[in-house]
Amino acid sequence: MQVPAFESSTGVCLNESNAIAMFVANEQLIGKSAEDKAKVVQWMNFADQEITPAVCSWVFPCMGFMQFYKQVNDWMTHFPY
């Protein structure tokens, strides 16, 4: 089993945070139009692919979850945003 895991009252089982978020979100959070829904997915992907790796490379060593690697930290610090 993967974490996070979710099972709805109707038996729907999901195991990815974005899938779970989309399943439990209401129209106000996920959008009404196809364009709104696509933009929500776009931002979720941006967070997963761009923000999370950078944050993890800084936070995980501070919390003792992984070793600090200066090369990775320097590369993330100079990421072109």
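Me: Why is cysteine 56 called partly exposed?
Reply: Cysteine 56 has a relative accessibility of 22%. Buried means under 20% relative accessible area, exposed over 50%, and partly exposed in between (1.4 Å probe, protein chains only), so cysteine 56 counts as partly exposed. This is a predicted model, where local features need pLDDT of at least 70 and side-chain atom pairs count only at pLDDT 80 or more, while totals for chains, interfaces and linings use all residues. Residues are numbered from 1 along each chain as its sequence is written, and side-chain values use heavy atoms, leaving out hydrogens and water.

Me: And what makes cysteine 13 exposed?
Reply: Its relative accessible area of 55% does, so cysteine 13 is exposed.

Me: What makes glutamate 35 and lysine 39 a salt bridge?
Reply: The closest N and O atoms of this pair are 3.1 Å apart. The term asks for a side-chain nitrogen of Lys or Arg within 4 Å of a carboxyl oxygen of Asp or Glu, so glutamate 35 and lysine 39 form a salt bridge. A search of the whole structure finds one salt bridge.

Me: How do you know that glutamate 35 and lysine 39 are about one helical turn apart?
Reply: Because they are four residues apart in helix H3. Helices (H or I, at least four residues) are DSSP runs, numbered from the N terminus.

Me: Is glutamate 35 buried or exposed?
Reply: Glutamate 35 is exposed, with a relative accessible area of 51%, whereas lysine 39, at 42%, counts as partly exposed.

Technical notes:
Helices (H or I, at least four residues) and strands (E, at least two) are DSSP runs, numbered from the N terminus.
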